[in-house]
Each structure stands twice: as C-alpha cells, then as structure tokens.
Amino acid sequence: MAAVLAPTLVSTLWPAQSGGSRAARNVLLALVGTLALTVAAKTQIPFWPVPMTMQTFVVLVIGMACGTRLGVATIALYLIEGALGLPVFAGTPEKGVGLAYMMGPTGGYLLGFVAAAWLCGWLAERGFGRSPLRTLAAMSLGHALIFVFGVTWLAQLIGFEKAFATGVVPFWAATIAKTLLGVVTLPLAWKWIGRLK
C-alpha cells in the first residue's frame, strides 16, 4: 500500500490539473526555479569568512516547496542549461561554461544539488518544512548531502584534507545562516497559507 504523501507548498498554492495545463504549470515552475538558481549563483553577499551565495538555500527550498519530482526536474533543467553553455553557474562565463566547467572542482556540488533536492522533496512529502525543528532537520541533511558530493568529487582532484579545508571549512558559517533562514521562512510560508484558507 502506497504511503499518502503530504502536500507541498507548490501543490497547495497551485494544485496541478490533468493534461496539458499540468505540463505547462510544471514547465513554468521549473523555468522560474532555474532563474532563481541563476540569480542566487550570481549574487554574492558579504559574509565571513568568504562571500555567500544563496544557491544551496534555493536548491533546498525548491526541493521542499516542489517535492521530489518537480524539485529534481527543476535542478536537472538548471544543469542542462549549464551543460549547454548558458552562464547559469557561479563564476560563469569567467571560469568557463558548459561541460568543461561542470567537470571542474565544483562538479560534485552540482550533482549534490540533485540529490539534496530529492531528499528535501522526499522529506517535504512527509510533512517536513512545516515546523521549525523538522525544517532544521531537512535543511541540515540537504546541506550535508551537498557537501558529501562536493568533497568526494573534489577529493579526487586535490585529496581529502585539502578538499575539506577548501570545500567545507570556509562555508560552514554561511551554511548555518542559510539553514536558519530556511527554518524561519518555510514554516512561516505554511502559516501564511493556513491563514489564507
């Protein structure tokens, strides 16, 4: 017997219809998601010890707001855009574009985006994201998964110790800040939706 999945933010705010309108809705949401990811990747916020982008925050929110299928599809579309040479990633086009960029040091983090969106979507479909504590768990696991993929990939290029020192340590404070931001925003969004009903 299949589990009954909890509605996501997107399915609550914009329920899917059958047929062509459902497909059009999903395409539009995925395109908006890739635009949000591109803006998040290109925007640097002064932070300590390194400037912060909001990209991982947006990845996890897309997963939690859209669920597994639409969340993963949105991240996959973003990666396809990047693979085709569109300058959607942080550091593009300055540091290269397309598959050459994706096979570089940040390739593991990009793969981690897909895994983290799936995990956060899976958790959201089981009611995570509605309370601060459960949102904290989901956001923390999502960020951790991105780091696992990123450091594993980077370690193949420069060794584990250096990969951890350059791929995790400078970003811990920003990761905590983005996780806490999710803890505030997602439950508030659900509370706001509850008032609309």
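This is a predicted model: local features need pLDDT of at least 70, side-chain atom pairs count only at pLDDT 80 or more; totals for chains, interfaces and linings use all residues.

Colleague: Which residues of α9 are buried?

Modeller: Buried here means a relative accessible area under 20%. In α9, the residues that count as buried are A173, A174, T175, K178, T179, G182, V183, L186, P187, W190 and I193.

Colleague: How far apart are the end C-alpha atoms of α9, and what span should its residues give?

Modeller: Helix α9 covers residues 172–196, which is 25 residues. At 1.5 Å a residue the helix should span 36 Å, and this agrees with the separation of its end C-alpha atoms, 36 Å.

Colleague: At what angle do α3 and α9 cross, and which hand does the crossing have?

Modeller: Two packed helices are described by the angle between their axes and the distance between the axes. The axes of α3 and α9 come within 10 Å, and the angle is roughly 35°. The hand of this crossing is right-handed.

Colleague: Which residues make the contact of α3 with α9, and how do they divide by class?

Modeller: From α3 the contact has T56, F57, V61 and M64, and from α9 it has K178, L181, G182, T185 and L186. By class, the contact of α3 with α9 comes to 5 nonpolar, 3 polar and 1 charged residues.

Colleague: How do α7 and α9 pack, in axis distance, hand and angle?

Modeller: The axes of α7 and α9 are 9 Å apart. The crossing of α7 and α9 is right-handed. Their packing angle is about 140°.

Colleague: Which residues of α7 and α9 meet, and what classes do they fall into?

Modeller: On the α7 side are P132, T135, L136, M139, S140, H143 and F147. They meet T175, K178, T179, G182, V183, L186 and P187 in α9. By class, the contact of α7 with α9 has 7 nonpolar, 6 polar and 1 charged residues.

Colleague: Which residues form the salt bridge, and how far apart are the closest N and O atoms?

Modeller: A search of the whole structure finds 1 salt bridge. The cut-off is 4 Å between nitrogen and carboxyl oxygen, and the closest N and O atoms of R126 and E125 are 3.8 Å apart.

Colleague: Is T38 buried or exposed, and what is it in contact with beyond its sequence neighbours?

Modeller: T38 is found in helix α2 (residues 20–42). Its relative accessible area is 17%, so T38 counts as buried. Leaving aside neighbours within four places in sequence, the contacts of T38 are Y78, P87 and V88.

Colleague: Is F160 buried or exposed, and which residues does it contact?

Modeller: F160 lies in helix α8 (residues 160–167). Its relative accessible area is 55%, so F160 is exposed. With neighbours within four places in sequence left aside, F160 is in contact with V151 and A155.

Colleague: What distance separates the C-alpha atoms of F160 and G121?

Modeller: Along the chain, F160 and G121 are 39 residues apart.

Methods: Residues are numbered from 1 along each chain as its sequence is written. Side-chain values use heavy atoms; hydrogens and water are left out. Helices (H or I, at least four residues) and strands (E, at least two) are DSSP runs, numbered from the N terminus. Buried means under 20% relative accessible area, exposed over 50%, partly exposed in between (1.4 Å probe, protein chains only). Contact means heavy atoms within 4.5 Å. A salt bridge is a side-chain nitrogen of Lys or Arg within 4 Å of a carboxyl oxygen of Asp or Glu. The expected span of a helix is 1.5 Å times one less than its number of residues. Axes are lines fitted to C-alpha atoms, for helices over the stretch in contact, and angles run from 0 to 180 degrees between N-to-C directions. A crossing is left-handed if the near helix is turned anticlockwise from the far one by less than a right angle, and right-handed if clockwise. Ala, Val, Leu, Ile, Met, Phe, Trp, Tyr, Cys and Pro count as nonpolar, Asp, Glu, Lys and Arg as charged, and the others, Gly among them, as polar.
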